[in-house]
Amino acid sequence: MHSEAETSQTQIAMTASAGTGVFVFSLISIPICYFSNSLIYNNSAEAFLFAGCTTVLILAMSVNFMIKKKMPVDPLFYVYAVHAFLSVVNLIIGLEQDNIIDGFVTFYLRVADPHINTAHGHMIAYWDGCVHYLMYLLMIAAITWGDSYRAIGLYWVGSFLMRGIVYILGNAVGKYGTHTGPLFLLHIPYICLSVWACFRIFSQPCTWDVQFTAQNQGNHEAERKSLLHRPLDLLFTIYLIPAFAFCVFRGLIVLDCSCKWYQDYAQHYEPYLKDPSAYPKIQMLVNMLYSGPYYIIALYGLMVPGCEWMPDLTLVHSGALAQAQFSHIGASLHTRTPFSYRVPADSQSVFLLVNVLYTVVPQALCYRCHTQPAFFLRPVPDKKTE
């Protein structure tokens, strides 16, 4: 028994070293970007292709060297390792676009599709380089220690899907739709791999699904009070109604509703909704078509006990809304957005108050559903013993 325990601890330590190796592996992207940019001194596409192939080869050799001692069984470990590397690259892109650093991806920004240089492109670069990067490291750490990462994974699923849908459709229908080049096709393998990872996360078992028995039946019934006896849930229920209205309201604005109220709001508070890049238009349509029904479903889930899908649904939606609102708020204020489409200075306080509340409250609802899930679970009575 003692030797088995020592062996298990040794395997965990070796696997944990692989997680540390992924962190170091992601940071290798910094010198690789710098030296690759320096290598392409003649600014030719052939040299850029050569540098890219060399980088992929170096990365493959580095991964094999760092994890050859103990390879984690979960295939998502390797997916997140690659994604973590790309997240650091995206952070470098965002920093160089804002002239905070220089000389790392200068040539790439010169030959890349123009979508990356928009305000929306800036925001998703920062989101991927900071928030997604943190989630990748947390999921890699959970894999190496044998813990569940389903909750973080579902949050990432919502964030990734929202980012991908808006970015791809915005590129296709916006003013840069005719400028899509071959480099945009590099997103296809990344998206396919990420979608496969989404299905893998959904297939994992729930960790919060407690089997209620006769011993805790009383506590469970105490949680299943009416809505009037659950003040926090009552507040969330009250919030969901104006949130649904606000979601539909902005969707109708981007559909060019002729009502004066809609036009005045767009002109004085959120002129970015009319930006010709089409990202805000796609964003609001996605919100209206998906977040709108979510608010109605969540309203039902807070009123009717036993809706076991509620915690997972709030995780996916919270991740999607956080990514969407970060991109929308940031792009509405960013200097890359034309001045006529930026939020007026005298309206910024109202704009920030409304949009921050619209972002934060769903995160609080998600936290409530996962820290106190008893209301959403169905009790399973003890089996009778002979």
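A: Contact means heavy atoms within 4.5 Å. Helices are DSSP runs of H or I with at least four residues, numbered from the N terminus. This is a predicted model, in which local features need pLDDT of at least 70, side-chain atom pairs count only at pLDDT 80 or more, and totals for chains, interfaces and linings use all residues. Residues are numbered from 1 along each chain as its sequence is written, and side-chain values use heavy atoms, with hydrogens and water left out.

Q: Which residues of H10 meet H14?
A: Among the H10 residues are Leu-232, Phe-236, Phe-246 and Arg-250, and the H14 side includes Val-354, Tyr-358, Val-361 and Arg-368. The residues of this contact divide into 13 nonpolar, 1 polar and 3 charged. Here Ala, Val, Leu, Ile, Met, Phe, Trp, Tyr, Cys and Pro count as nonpolar, Asp, Glu, Lys and Arg as charged, and the others, Gly among them, as polar.

Q: At what angle do H10 and H14 pack?
A: Axes are lines fitted to C-alpha atoms, for helices over the stretch in contact, and angles run from 0 to 180 degrees between N-to-C directions. Under 35 degrees is roughly parallel, over 145 roughly antiparallel, 65 to 115 roughly perpendicular, and the rest oblique. H10 (residues 231-254) and H14 (residues 348-371) pack at about 135 degrees with axes 11 Å apart, so they are oblique.

Q: How does H13 cross H14?
A: The axes of H13 (residues 310-333) and H14 come within 8 Å and cross at roughly 160 degrees, which makes H13 roughly antiparallel to H14. The residues of that contact divide into 15 nonpolar, 11 polar and 1 charged.

Q: Is His-334 buried or exposed?
A: Buried means under 20% relative accessible area, exposed over 50%, and partly exposed in between (1.4 Å probe, protein chains only). His-334, in the loop between H13 and H14, has 11% and is buried. Leaving aside neighbours within four places in sequence, its contacts include Asp-98, His-122 and Arg-342.

Q: How many aromatic pairs does a search of the whole structure find?
A: Rings of Phe, Tyr and Trp (its six-membered ring) pair if their centres lie within 6.5 Å; planes under 30 degrees apart are stacked, over 60 edge-to-face, and the rest tilted. The search finds 19 pairs. One of them, Tyr-167 with Tyr-279, is stacked, at 6.1 Å centre to centre and 5 degrees between planes. Tyr-167 is in H7 and Tyr-279 in H12, 112 residues apart. Tyr-167 is buried at 8%, and Tyr-279 is buried at 1%.

Notes:
Helix = DSSP H or I, 4+ residues; strand = E, 2+ residues; numbered from the N terminus.
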